Amino acid sequence: MNAALFTMDGVTSPEAPARFAPPKAARRVELVSDDEDAQLMLAYASGEMRAFETLYSRHRAALYRYLVRQARDGEIANDLFQEVWSRVIATRARYEPRAKFRTFLFTLAYNCFIDHCRRVKARPGGLGIDDADAADLLPADEDGRPEAVLQRDECSRRYRAALATLPPEQRDVYLLHEESELSLEEIARVTGVGAETAKSRLRYAVGKLKAALAATEELR
Amino acid sequence: MSGPEEEFDDFLSRRKPLFRRPVDDLQPPEEVDRVVLRRAREAIQLDRPQRAFRGANWGAPLAIAATLLAVFTVVLHFMQPKQAIPEVTVQQVAQPVEETGTAAAPAWRGDSQSWLAQIEKLRAEGRNAEADAELAAYKREHRALAVGPDR
C-alpha cells in the first residue's frame, strides 16, 4: 500500500488547497498519500463542511447502489444509507487515514448491513424489490420510449434475480467489487477474509451470474 | 484465444465485462441527502466552542452578597424605632443661661450697696466700660429702680 508518514500541517488538498483550513492539532498518522478522500475527511473533522459535501457527492451513489443491491428493499436501503453516514460523522474526530476512505466507508456499510441482518435474524432472500419499486428507484428514461423502459426494467429484473441466487458470501464480494470498485485486497479486508478466499468467492459469483444471465437470454 | 482464467483476470481489472448488467443510476432520495448533510452540519457546529457570554466566576456570589447587604440595610433602616424629638421651650433654654449667670456672679453682687460701690470703684479707676456693663446688669437685676445711682 502506498503509505507515507504524514504530518497534518503539511496537508494540501489538490482540489482546493486554500479552501480548507489546516486542522488545529497536528497529528502524525499513516496516511495513504494519494487519497484525496482521506484528506477531505480530515478537513471535515476539523470543521470544514464543504469537505464533507464533496466527500458525500463522490460516494453517495455507489454506496446507495451497494445497499439497495444488498438489502433489496428501498426503505431499508435508505435507513442503512443514513446509518452509514451517521457512523462516518460520528467517527470524524478519531478518523485516521490508514486505508483509503472508500475502504473505510464500505467497511462501515458492510458492517451496518450485517448488523441489520442480525437484527432481523435473516438475510434477504428472493428478488426483493419488485418491479414497481425498482421503477420508482430508477431515474426516468431520457427519451421516455416505452420499449426502452421495458428493456431496461427486464434487464434489471433478470440481473437482480441472478444476484438473488448467489450465496451471501459470494454476493458480498461481488457487490463490493462492482459497486465500491475496491481491489481484491481491500474487499478481503472489508469482509474479514484472506485475499485468496475473496478471489475464489468472486470467481464463483461471476461464473454463476454469467451462467444464469446466459440461460435467461436463451429462454427469451 | 482467451480462456476462463484470462476472462476472469480481465473482469478483475475491469477491462472487459463477463456479462451484461443493467446500467441503472440509482440515487438516494433528495430527502435522505438533506438529512445526511444536516446531520453532518450539526455535528461540526456542536464541535465549535459556544460563544455565549459568561461572566467572571466571582461575579454571581458578589452580586448576591451586594443585593443581600442592600436589602438588609433598607430593612434595618425602616425597622429602627423613631425617637421623638423633645420640644425645646424658651424657659428650658433660658434657665441654664440664668443658672450659668448666677453661678459666675462675683460676691459683691450679693447686695445692692456692695454692687454700687464696686461700680463707683470701677469708674474711679477709669474702667468705664466695665462700670457701664456692671450698671446695666444692676439695672436688669433691679428693674424696679428707674434711675441708676449715677443720676
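Biologist: Let's start with A:R72. Does A:R72 count as buried or exposed?

Modeller: The general idea is to count neighbours: a residue is buried if 20 or more other C-beta atoms lie within 10 Å of its own, exposed if 12 or fewer, and partly exposed in between, with C-beta atoms placed from the backbone. A:R72 has 22 C-beta neighbours inside 10 Å, so A:R72 counts as buried. Bear in mind that this is a predicted model, where local features need pLDDT of at least 70, side-chain atom pairs count only at pLDDT 80 or more, and totals for chains, interfaces and linings use all residues. Residues are numbered from 1 along each chain as its sequence is written, while chains are lettered from A and ligands numbered from 1 in the order in which they are written.

Biologist: Where is the place of A:R72?

Modeller: Elements come from DSSP: helices are H or I runs of at least four residues, strands are E runs of at least two, and both are numbered from the N terminus. A:R72 sits in the loop between helix 2 and helix 3 of chain A. Its backbone is worth a look too: phi of A:R72 is positive, near 55 degrees, and the residue is not a glycine.

Biologist: At roughly what angle do the axes of helix 2 and helix 3 of chain A cross?

Modeller: Axes are lines fitted to C-alpha atoms, for helices over the stretch in contact, and angles run from 0 to 180 degrees between N-to-C directions. Here the axes of helix 2 (residues 49-71) and helix 3 (residues 74-90) of chain A cross at roughly 135 degrees and come within 9 Å. That makes helix 2 of chain A oblique to helix 3 of chain A. As for the word, angles under 35 degrees count as roughly parallel, over 145 as roughly antiparallel, 65 to 115 as roughly perpendicular and the rest as oblique.

Biologist: And which residues make the contact between them?

Modeller: Two residues are in contact if their C-beta atoms, placed from the backbone, lie within 7 Å. Helix 2 of chain A brings residues including A:L63, A:Y64 and A:L67, and helix 3 of chain A brings others, among them A:I76, A:L80 and A:F81. For classes, Ala, Val, Leu, Ile, Met, Phe, Trp, Tyr, Cys and Pro count as nonpolar, Asp, Glu, Lys and Arg as charged, and the others, Gly among them, as polar. This contact divides into 10 nonpolar, 1 polar and no charged residues.

Biologist: What about helix 7 and helix 8 of chain A: at roughly what angle do they cross?

Modeller: The axes of helix 7 (residues 168-180) and helix 8 (residues 184-191) of chain A cross at roughly 130 degrees and come within 10 Å. Helix 7 and helix 8 of chain A are therefore oblique to each other. A:D172, A:V173, A:L176 and A:H177 in helix 7 of chain A meet A:I187, A:V190 and A:T191 in helix 8 of chain A. By class, that contact has 4 nonpolar, 2 polar and 1 charged. The buried residues of helix 8 of chain A are A:E186, A:I187, A:A188 and A:V190.

Biologist: Is A:E181 buried or exposed?

Modeller: A:E181 counts as exposed, with 12 C-beta neighbours inside 10 Å. A:E181 lies in the loop between helix 7 and helix 8 of chain A, and has a positive phi, near 60 degrees, in a residue other than glycine. After helix 8 of chain A comes A:G192, also with positive phi, near 75 degrees.

Biologist: Now chain B. How many helices and strands are there in chain B?

Modeller: Chain B has 6 helices and 0 strands. Of its 151 residues, 5% count as buried.

Biologist: Which residues is A:V206 in contact with, leaving aside its neighbours within four places in sequence?

Modeller: A:V206 is in contact with A:Y174, B:F8, B:F11 and B:L18. A:V206 is found in helix 9 (residues 195-219) of chain A, and is buried, with 23 other C-beta atoms within 10 Å.

Biologist: And what does B:F19 touch?

Modeller: Not counting residues up to four places away in sequence, B:F19 touches A:L209, A:K210 and A:L213. B:F19 is partly exposed, with 15 other C-beta atoms within 10 Å, and is found in the loop between helix 1 and helix 2 of chain B.
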